[in-house]
Amino acid sequence: MANAMNRWSPATVAAREPLFRLFDTFFNNETQEDVASRGWAPPVNIQETDQAFKLEVELPGLTKDDIQITLENNVLRLSGERKFEKDVQKENYHRIERAYGTFTRSFALPTQVETEKVEAKFENGVLTITVPKVEKARPRKIEIGS
């Protein structure tokens, strides 16, 4: 029984991962274009300060017109699309690894935010969204009286 358990330990499975990927690639009929056009999710950093929540989203190759931001019921939702350029002849590509297609990311925000004061800016392929906290949710120092 112990021998059977060792065959499927995390270390054993990790060591066999390249072999699993080889079989997936060999028996899978997906083209590189199929893989690239499958949905994708841009990476996001979320930082909390005393004043606000700050989200930084990597969206290289997009413009601000390609991105939609909505805030409803304290859920911040980002969506958009990175389109494959139709003018480019696909048969000239040797490899397509960049993901194309639509994306959606949703983030539940705490109830103590100023929804009317949310700001977004897009610069150098990075979308920065700042969600200010309400005044009463911000930490404050309490003085000790004598």
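A: Buried means under 20% relative accessible area, exposed means over 50%, and partly exposed lies in between, with a 1.4 Å probe and protein chains only. Alanine 52 has a relative accessibility of 10%, so this residue counts as buried. The model is a predicted one, in which local features need pLDDT of at least 70, side-chain atom pairs count only at pLDDT 80 or more, and totals for chains, interfaces and linings use all residues. Residues are numbered from 1 along each chain as its sequence is written, and side-chain values use heavy atoms, with hydrogens and water left out.

Q: What percentage of the chain's residues count as buried?
A: Of the 146 residues, 22% are buried. Accessible areas come from the Shrake-Rupley method with a 1.4 Å probe, and for residues only the protein chains shown count as cover. The chain exposes about 11,500 Å², of which carbon and sulfur atoms supply 50%.

Q: How many helices and strands does the chain have?
A: Helices (H or I, at least four residues) and strands (E, at least two) are DSSP runs, numbered from the N terminus. This chain has 3 helices and 7 strands, in the order α-α-α-β-β-β-β-β-β-β from the N terminus on.

Q: In which order do the strands of the open sheet lie?
A: Two strands pair if DSSP finds at least two bridges between them. Here 4 strands form an open sheet in the order S1-S2-S7-S6, with antiparallel pairing. Strand S1 (44–48) and strand S6 (119–123) are at the edges with a single partner strand each, so one side of each has no neighbour in the sheet. S1 and S2 are joined by 5 bridges, and glutamate 48 has phenylalanine 53 in S2 as its bridge partner. S6 and S7 likewise pair over 5 bridges, and lysine 121 is partnered by threonine 128 in S7.

Q: Which residues does threonine 128 touch, beyond those up to four places away in sequence?
A: Contact means heavy atoms within 4.5 Å. Threonine 128 touches Lys54, Leu55, Glu56, Glu119, Ala120 and Lys121. Its relative accessible area is 11%, so threonine 128 is buried. Alanine 52, in strand S2, is in contact with Gln47, Thr130, Val131, Pro132 and Lys133, leaving aside neighbours within four places in sequence.

Q: Which members of the largest nonpolar core touch the most other members?
A: A nonpolar core is a set of buried Ala, Val, Leu, Ile, Met, Phe, Trp, Tyr and Cys residues joined through side-chain atoms within 4.5 Å. The largest one has 16 residues, and Leu55, Leu59, Leu78, Phe103, Leu127, Ile129 and Val131 touch the most other members. At least two residues of this core come from each of strand S2 (52–58), strand S4 (75–82), strand S5 (101–108) and strand S7 (126–132). Beyond its neighbours within four places in sequence, leucine 78 is in contact with residues including Val57, Ile69, Phe103, Leu127 and Ile129.

Q: Where is asparagine 124 placed?
A: Asparagine 124 is in the loop between S6 and S7. This hairpin has 2 residues between the strands, and asparagine 124 takes a positive phi near 55° there. With a relative accessible area of 76%, asparagine 124 is exposed.
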